[in-house]
Structure formats: C-alpha cells, structure tokens
Amino acid sequence: MRLETLAIHAGGEADGATGAVAPPIHLSTTFEHGPAAERLAGYEYQREGNPTNDRLRQAIAALEGGEVALTFASGMAAASNLLESLPPGTRIAIPDDCYTGVRLLASEFLPARGIEATTLDMADSEAVRAACAKGLDLLWLETPSNPLMKVCDIAALAGIAHAQGALVVCDNTFASPALQRPLALGADIVMHSTTKYFGGHSDVLGGALAFARADETFQRVAHRLHVTGAVLAPFSAWLTLRGCRSLPARMAMHCANARRVADFLAAQPQVRQVNYPGLATHPGHAVAARQMRDFGGMLSVQLHGGRDAVLAMAGALRLFTNATSLGGCESLVEHRASVEGNHPTSPQDLLRISVGLEHPDDLVSDLEQALRAA
Ligand code: PLP
C-alpha cells in the first residue's frame with residue numbers, strides 16, 4: 001500500500017464492539033482480568049497497554065515501515081527512554097547541530113549512566129567513518145537538523161555504522177515519514193516528536209520510536225517505558241492518530257509554501273543565507289533530493305544585520321507568531337539562540353521558520369513588510 005493510503009487506514013479498522021468508523025478513545029486505566037490475573041481482552045493496566053495507543057503505534061510502524069512502534073508522553077521521553085535503556089559503557093555520537101533537548105540529555109544526564117556522547121558533523125561521512133573505527137555503539141542522526149537544516153546521508157552513514165556493529169537512530173521529526181523513511185535507508189530505529197507534524201495542529205504533545213525489528217533493543221525500551229511510565233495518554237494518542245490521517249496532504253502544502261518562502265527570502269538584500277535543503281545552493285541539496293520525497297516545511301534565515309536585525313524582523317511579523325515548536329497549521333518563527341539557555345549553539349543572526357498552511361502570498365507579504373524593519 002502507498003503511504004497516502006496507509007496514513008488513512010493504518011490502525012483504523014472499525015470498532016469491533018460498535019462498528020464505529022472513527023476510533024473510540026479508551027480512557028479506562030484498568031481492564032477486567034480473571035482471578036489469577038488472566039487477561040480477558042489483552043489489556044491489564046493503562047501504563048502497560050491501551051487500545052487507543054495501540055492503534056497509533058500500528059499506524060506509526062506502518063508509516064515508517066517498521067515492525068513495531070512505541071509511543072511516549074513527548075519526543076524527549078522517547079529519546080531518553082531509548083538512550084537511557086542502553087547498557088553502561090555505550091558510546092554514542094550525536095550531530096553537532098541537533099535539537100537542544102537531545103544535546104542536554106547527552107551532556108547532563110547520560111554520563112551519570114555511564115554513557116559517553118561525542119559530537120560529530122554528520123554531513124561529513126569521512127569524520128563519521130573515522131569515529132566509528134575508533135569505537136562507537138550508536139549513531140544518532142537528525143536530518144534535516146534543527147535549526148541549521150543540515151542534511152546527512154542516512155544510507156551512507158548506516159553502511160558505515162553497521163560495518164562497525166553500531167546501531168543507527170534517526171530523528172525524523174522535521175521530515176516526517178511522508179517525506180523520508182529512514183528505516184528503508186538502513187536506519188534501525190526512527191524517533192519522532194509527534195508533537196510536530198504528526199499531531200499537526202499544535203495541540204498535542206507526544207513522541208514515538210519505530211523499530212525496524214521487534215528485537216532485544218525494542219524489548220528493553222518497551223520494558224523501560226512500562227516501568228518508568230512516560231506513556232502517551234489515550235486522548236493524546238487519539239489526537240495524534242487523527243493527525244496521521246492528513247499527514248501526507250498537509251506535508252505537500254507545507255513543502256510548497258516553504259519553497260515559496262525560501263525563494264522569496266533568498267532574493268532579499270537583507271538576507272545573508274537561507275537554510276533550506278530545497279535550494280540548489282544548500283550543501284545537502286543533492287543528498288536531500290535523493291533521500292527525501294520533498295524538502296519539508298522548515299527553514300531558517302540568517303540576516304546581514306545580525307541579532308538586532310533578526311529580532312526586529314521577528315518583532316514586526318504579524319501573521320507568523322513568535323513561538324517555539326513547529327509543524328502546526330499556523331506559521332511560527334523563533335530566535336533559537338534566545339531560547340537555548342546559557343550556552344546557545346544557534347547563530348545569533350538566525351531565525352527559524354515553521355511554514356504553515358496559510359496562503360503563500362499572505363506569508364510572503366508579511367515577511368516583506370517585516371524585513372523592512374530589519
Ligand atoms: N526532536 C526535534 C527535532 C525537535 O524539534 C523536538 C522538539 O522541538 C524534539 C525532538 C523534542 O520533542 P518534544 O518537544 O515532543 O519532547
């Protein structure tokens with residue numbers, strides 16, 4: 001089945017008890033069992049399993065082409081459950097440009113668990129090859145990356161990592177499976193903040209892991225999730241499942257709008273650089289064109305006038321809202337350096353843009369008037 005069809009039907013069979021076409025939300029925390037705890041209908045307690053969550057897990061596994069998926073209370077709960085389930089002594093590498101939360105997890109929390117993290121430029125395959133040869137157990141990829149939109153070659157890096165016996169995990173939040181399927185390119189596990197494009201309406205927090213195989217790593221993470229409890233609530237699972245249904249359709253429009261915005265910004269004299277893999281000038285354009293169906297709804301822009309100019313532009317926008325997060329219907333901007341705490345890694349002259357589903361002419365007009373303030 002093709003992706004658009006899977007997005008509509010995966011985890012979507014009519015309710016067995018009532019025939020309801022839209023799935024029911026099962027809020028029950030507990031399920032009747034026999035006197036010796038025999039499960040009567042496969043469920044026991046909400047933290048260990050829930051029918052609404054199971055539908056979403058089936059849908060995410062199908063969309064990512066994995067054997068199984070797990071859902072979590074947030075994207076960071078997915079990342080931390082996976083990384084903290086690794087045995088002490090595990091050596092991991094994360095990208096030099098990646099979501100701040102993953103960077104903080106690697107620097108502040110993993111060392112205490114005996115997990116050592118190094119940082120690599122994942123766009124430089126030779127640097128990754130050298131690091132793998134020295135000894136790495138897990139390669140964490142994020143492509144396109146947040147917020148520099150760096151692109152790495154998933155298939156090439158998976159080949160390099162697997163030759164040394166290392167696992168490959170890919171944060172696929174920016175692309176979504178509608179545009180990029182890392183498991184088909186050789187990754188072992190895909191991670192998502194489903195808060196973003198999966199949910200699609202800026203109203204539900206969640207995370208997911210899709211596993212190529214229901215193997216020992218999957219069992220370890222599933223067990224850790226059940227015990228530590230960062231599970232997705234049934235209503236959140238239901239909202240995210242609803243988001244799956246329109247994911248490919250929304251992504252097509254996000255991509256078309258982002259291209260318009262990127263082309264417009266790239267032609268403006270105040271603009272030093274537009275980071276969008278769809279532009280032929282982007283260093284990762286060729287790789288992105290090969291491994292992505294389209295280039296996504298995220299981009300970042302850097303202005304000649306530096307921090308002051310970028311903040312003036314952000315303050316003058318009327319349609320784009322200054323807010324964190326991404327992937328919703330409404331367009332958002334964020335000066336990432338201002339939200340990254342005491343040691344920001346994002347350039348001060350950079351504004352991240354999540355291009356929404358408004359009419360592109362309106363988006364361009366708003367950017368045009370805001371740039372006059374820059
Ligand atoms: N990965 C990426 C690329 C993100 O942008 C985010 C959040 O912005 C996360 C992971 C973390 O997800 P959550 O906020 O759902 O915990």
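Student: Which strand gives the most to the lining of the second largest pocket?
Tutor: Strand β8, residues 271–275, with 3 residues. Keep in mind that this is a predicted model.

Student: What volume does the second largest pocket have?
Tutor: About 210 Å³. Its lining has 13 residues, and those nearest the centre are Gln273, Val274, Asn275, His282 and Pro283.

Student: How does that lining divide into nonpolar, polar and charged?
Tutor: There are 7 nonpolar residues, 5 polar and 1 charged.

Student: And the largest pocket, what is its volume?
Tutor: The largest pocket comes to about 390 Å³. It is lined by 22 residues, with Met76, Tyr99, Asn146, Ser193 and Lys196 closest to its centre.

Student: Which elements supply at least two residues each to that lining?
Tutor: α3 (75–84), β6 (189–193) and α11 (336–339). By class, the lining of the largest pocket has 9 polar, 7 nonpolar and 6 charged residues.

Student: OK, packing now. How many residues are in the largest nonpolar core?
Tutor: That core has 82. The residues with the most contacts inside it are Met122, Leu139, Leu141, Leu265, Val274 and Leu299. Helix α8, residues 234–266, brings the largest share, 11 residues.

Student: How many aromatic pairs turn up in the whole structure?
Tutor: The search finds 3. One of them is Phe211 with Phe218, an edge-to-face pair at 5.2 Å centre to centre, with 75° between the planes.

Student: Are those two buried or exposed?
Tutor: Phe211 has a relative accessible area of 1%, so it is buried. Phe218 is buried too, at 11%.

Student: What about Phe235 and Trp238, why is that pair called stacked?
Tutor: Because their ring planes are at 15°, and planes under 30 degrees apart count as stacked. The ring centres are 6.1 Å apart. Both residues lie in helix α8, 3 residues apart, which is about one turn of the helix.

Student: Where does Phe235 fall, buried, partly exposed or exposed?
Tutor: Phe235 is partly exposed, with a relative accessible area of 46%.

Note on methods
Residues are numbered from 1 along each chain as its sequence is written. This is a predicted model: local features need pLDDT of at least 70, side-chain atom pairs count only at pLDDT 80 or more; totals for chains, interfaces and linings use all residues. Side-chain values use heavy atoms; hydrogens and water are left out. On a 1 Å grid over the protein atoms alone, a cavity is a set of points where a 1.4 Å probe fits but cannot get out, and a pocket is an open set with protein on both sides within 12 Å along at least five of seven lines; lining residues have an atom within 4 Å of a point. Grid points are joined across faces, edges and corners, and a volume is the space filled by probe spheres set on the points. Helices (H or I, at least four residues) and strands (E, at least two) are DSSP runs, numbered from the N terminus. Ala, Val, Leu, Ile, Met, Phe, Trp, Tyr, Cys and Pro count as nonpolar, Asp, Glu, Lys and Arg as charged, and the others, Gly among them, as polar. A nonpolar core is a set of buried Ala, Val, Leu, Ile, Met, Phe, Trp, Tyr and Cys residues joined through side-chain atoms within 4.5 Å. Buried means under 20% relative accessible area, exposed over 50%, partly exposed in between (1.4 Å probe, protein chains only). Rings of Phe, Tyr and Trp (its six-membered ring) pair if their centres lie within 6.5 Å; planes under 30 degrees apart count as stacked, over 60 as edge-to-face and the rest as tilted.
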